[in-house]
Amino acid sequence: MDVEVTRLPGIGTKQEFDTASGRRIGVLTHRDGHRELLVSAREDPDACSASVALSDAEGQALGTLLGAPNLVAQLQDQQREVEGISTAQFPVGVGSPYDGRTLGDTAMRTRTSTSIVAVVRDHVVSPSPGPDFVFRAGDLVVVVGTGEGLGQAAAILEGG
């Protein structure tokens with residue numbers, strides 16, 4: 001997919017691509033940091049048919065809605081190429097011993113030989129969280145490993 005980047009002096013930067021349906025989708029990032037989602041016709045990208053201002057939280061939520069399923073799908077596609085490796089998603093439930101504790105506290109990789117590759121919280125993806133990442137009830141933890149390791153990972157997140 002080709003993304004066209006246009007610098008708009010005094011305004012900011014516009015990034016756009018053409019869809020198969022004949023629309024042009026873009027994001028205008030203003031110099032002050034706020035963003036707008038733009039929709040126009042491919043034939044006349046200057047004739048914008050829709051513009052939606054997005055707060056930082058809304059931009060992150062939209063990115064997550066579009067990106068989180070793609071991240072999991074990419075991981076699943078990659079695991080098909082490596083026999084014996086799987087991807088799973090586990091919730092951090094209310095009452096989990098890791099609600100309010102760090103990823104490092106789980107010692108997940110040492111105990112299970114699995115890797116936590118992302119955490120989804122409030123529709124925002126945190127890819128490759130570090131050992132200081134603090135879990136909260138409601139988080140969805142994306143884990144890669146063997147079937148046995150994934151079972152152990154689920155048990156750790158549920159019961160310690």
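**Terms and their cut-offs in one chain**

Biologist: Where is the place of Thr-19?

Modeller: Thr-19 sits in the loop between β2 (12-18) and β3 (23-30), where strands, written E and at least two residues long, and helices, written H or I and at least four residues long, are DSSP runs numbered from the N terminus. Residues are numbered from 1 along each chain as its sequence is written, and side-chain values use heavy atoms, with hydrogens and water left out. The model is a predicted one, in which local features need pLDDT of at least 70 and side-chain atom pairs count only at pLDDT 80 or more, while totals for chains, interfaces and linings use all residues.

Biologist: Why is Thr-19 called buried?

Modeller: Buried means under 20% relative accessible area, exposed means over 50%, and partly exposed lies in between, with a 1.4 Å probe and protein chains only. The relative accessible area of Thr-19 is 18%, so Thr-19 falls under the limit and counts as buried.

Biologist: What makes the link between the side chains of Thr-19 and Ser-21 a polar contact?

Modeller: A polar contact is a pair of N or O atoms within 3.5 Å; within protein, one must be able to donate a hydrogen and the other to accept it, and residues adjacent in sequence count only if both atoms are side-chain atoms. The two side chains come to 3.0 Å, so this pair lies within the cut-off. Leaving aside neighbours within four places in sequence, Thr-19 is also in contact (heavy atoms within 4.5 Å) with Ile-25 and Arg-42.

Biologist: Which residues does Val-39 touch, and is Val-39 buried or exposed?

Modeller: Val-39, which belongs to strand β4, is buried, because its relative accessibility is 18%. Not counting residues up to four places away in sequence, Val-39 touches Arg-23, Arg-24, Ile-25, Cys-48, Ser-49 and Ala-50. Between Val-39 and Ile-25 there are 14 residues of separation in sequence, and 4.8 Å in space from C-alpha to C-alpha.

Biologist: Which strands pair with β9?

Modeller: Strand β6 (residues 86-91) runs antiparallel to β9 over six bridges, and Thr-87 has Val-144 as its bridge partner there. Strand β7 (residues 115-121) is joined to β9 by five bridges, also antiparallel, with Ala-118 opposite Val-142. Strand β9 (residues 140-145) is mostly covered, since five of its six residues are buried.

Biologist: Why is the pair of Phe-133 and Phe-135 called edge-to-face?

Modeller: A pair of aromatic rings is described by the distance of the centres and the angle of the planes. Rings of Phe, Tyr and Trp (its six-membered ring) pair if their centres lie within 6.5 Å, and planes under 30 degrees apart count as stacked, over 60 as edge-to-face and the rest as tilted. By this rule the count comes to one aromatic pair. Phe-133 and Phe-135 lie 5.8 Å apart, centre to centre, with 70° between the planes, so they pair and are edge-to-face. Phe-133 is buried at a relative accessible area of 14%, and Phe-135 is buried at 0%.

Notes
Two strands pair if DSSP finds at least two bridges between them.
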